[in-house]
Number of protein chains: 2
Amino acid sequence: MKSTQITIKDIARELGISPSTVSRALKDHPDISPETKKAVNKLAEELNYQPNSIALSLRHRKSNTIGVIIPEIVHFFFSTVISGIEDIAYGAGYSVIISQSNESYEREVMDTKAMFNNRVDGIIVSMSRETQDLSHFESIHKRGMPMVFFDRSCDLFNCSNVLVDDINGGYQATSHLIEQGCRRIVHLQGPSSLTITRDRHEGYKKALAEHNIPYNKDLVINDEMGNDEQSAKDIFGKFFDTASEKPDGVFASTDMIALGAIQALKARGLRVPEDVCVVGFSNWQFTSLTEPTITTVAQPGFEMGQEAARLLIREIEADEDTVLEPVLKTLKTTLIIRDSSTRKK
Amino acid sequence: MKSTQITIKDIARELGISPSTVSRALKDHPDISPETKKAVNKLAEELNYQPNSIALSLRHRKSNTIGVIIPEIVHFFFSTVISGIEDIAYGAGYSVIISQSNESYEREVMDTKAMFNNRVDGIIVSMSRETQDLSHFESIHKRGMPMVFFDRSCDLFNCSNVLVDDINGGYQATSHLIEQGCRRIVHLQGPSSLTITRDRHEGYKKALAEHNIPYNKDLVINDEMGNDEQSAKDIFGKFFDTASEKPDGVFASTDMIALGAIQALKARGLRVPEDVCVVGFSNWQFTSLTEPTITTVAQPGFEMGQEAARLLIREIEADEDTVLEPVLKTLKTTLIIRDSSTRKK
């Protein structure tokens, strides 16, 4: 990625004036004051601005392609987001190309550069778990690449974000368990580095408080759970065996963890939902295929993808002079009630 | 996509000489005979060959990106292939970008053009079910874009193919059912347009023949099965209810169809595997999570991806003078035996 690809927008931002003013100043337009022309030309020279370079003209030629960078494509949630993005993008005449970072910062940087060099018109991103330094995004955004973030928010620079209301998701799951008669509800958490983990936990606490059930931190398990059912089965099983008072409900941060908990309970001769109710999160395909089927919180993946694509295309197709305010959209979750939490009354 | 991007390779192919001869003829090299020079220059003029055009130089500049076009990313098999491609590609310094055709010919054409315009260095493809006309692939391949096909073979032009031995897969599944004591084995087929459907059926017949079980076409069901468990449940259930002699084994062309069959059997009070054994195909994630867990034929997705990426990179990195013969790799399947077919003896 060449660091010399300075655009009119960079000059405009630096001087606090509009891109169209910069453009007209460079063309010696009579409407622009001599002071402004002088300031613009001075900065253009300093930054080595090349209005007619081939690189620049190519960069600005539309490729009608939208790039999507996500942690992993095999995850059901992300694949529904992609379908939503495609629904809007292909309808508007854009192709969609996808890269997966595999939750690796290094690969995310490589993918971002590749998307930029492949001349996509804009990028939709859900960041990897490892990502702390955002300069790979910032540097291409500064060069005029439209970007929208989803699910894992990015607030370091002025980009639009499309998020899920995970607090509400955790609240829905926990309230439902309480309504089923559960009082000792274990919360099996995901990776503590993610905002979504903290938000789901927040919703769990909120539901308990509303029903006057005291919060007990011993019932919250975040033991580097991973996201496979085997480790969840082992960790929750160990917890269950040593607990003096047994839990009667489980709110798991992911469906895979919920499945592990169900397997641990079955292995101990307990019935789900009669003895213990279990709720997961994400509505993975398998949750409707297991026995019992698993109650879960569905994220509006398809709608998120649609929303992100709409915001991105709006930015891609805006005139250079239009300044778009970044948008924050937060979408609601839906509780899908299945057998793992439905007690016959 | 400009139709004027003629390369040295096109001229060489047309005249039946090597690209390096063409290159030297165009440069008036003393080693090349006057007749050859005349023929090359005449054809170059006819085809409007432009050695110094910007488009051409850009086209030949490496982007270090590999494009992958597949029917659907949510499919477990394809996601493992992608992991295999990435394993080799990122290791060799290439980013991977993916587009899904959603089994639509029209979108596949759009994606192919986008990949070409985004200047990927080469493309790995598994074609959509709808695709009959291959001209969108042929036209970019002619312009020098390296291409490798996998799973669904393409033999219309000289490209390498990486395939799965589906005949052997069908043979393994059916032989295993016979070894479990099954004699009336139903075969629930996938879409009849696909080679993989015909090959799995071929393997089914082969295993029956080897065990002297007569082939009975009434036991082969291809009733626009779709690939969801609900329609498989309905169609197989209806078949089961009306069959005068009940089947004792099921070989399903996909795991989802296998699951539908299991659900139909359970709904009729039959036990799997005691009354009927069931085997699926693909080793989707859920097959190890259901009750009973499902015996299935695993395709070597990861290895296929690795192999396809190796073949493509070999082509990308070959000298312009080197002529690479297309390669056909056929990889073996593995039978994964689980509860749905394991009778206690």
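The two copies meet through the same surface, because 100% of the interface residues of chain B are also interface residues in chain A, with contact taken as heavy atoms within 4.5 Å. This is a predicted model, in which local features need pLDDT of at least 70, side-chain atom pairs count only at pLDDT 80 or more, and totals for chains, interfaces and linings use all residues. Residues are numbered from 1 along each chain as its sequence is written, chains are lettered from A and ligands numbered from 1 in the order in which they are written, and side-chain values use heavy atoms, leaving out hydrogens and water.

In chain A, strand E5 (residues 160-164) has 5 of its 5 residues buried, meaning under 20% relative accessible area with a 1.4 Å probe, protein chains only; strands are DSSP runs of at least two residues (E), helices of at least four (H or I), numbered from the N terminus. Ser160(A), Val162(A) and Val164(A) point one way from E5(A), while Asn161(A) and Leu163(A) point the other way. E5(A) runs parallel to strand E4 (residues 147-150) of chain A, joined by 3 bridges; pairing takes at least two DSSP bridges. Here Val162(A) is the bridge partner of Phe150(A). E5(A) also pairs in the parallel sense with strand E11 (residues 328-331) of chain A over 4 bridges, where Asn161(A) has Leu328(A) as its bridge partner.

Note on methods: Buried means under 20% relative accessible area, exposed over 50%, partly exposed in between (1.4 Å probe, protein chains only).
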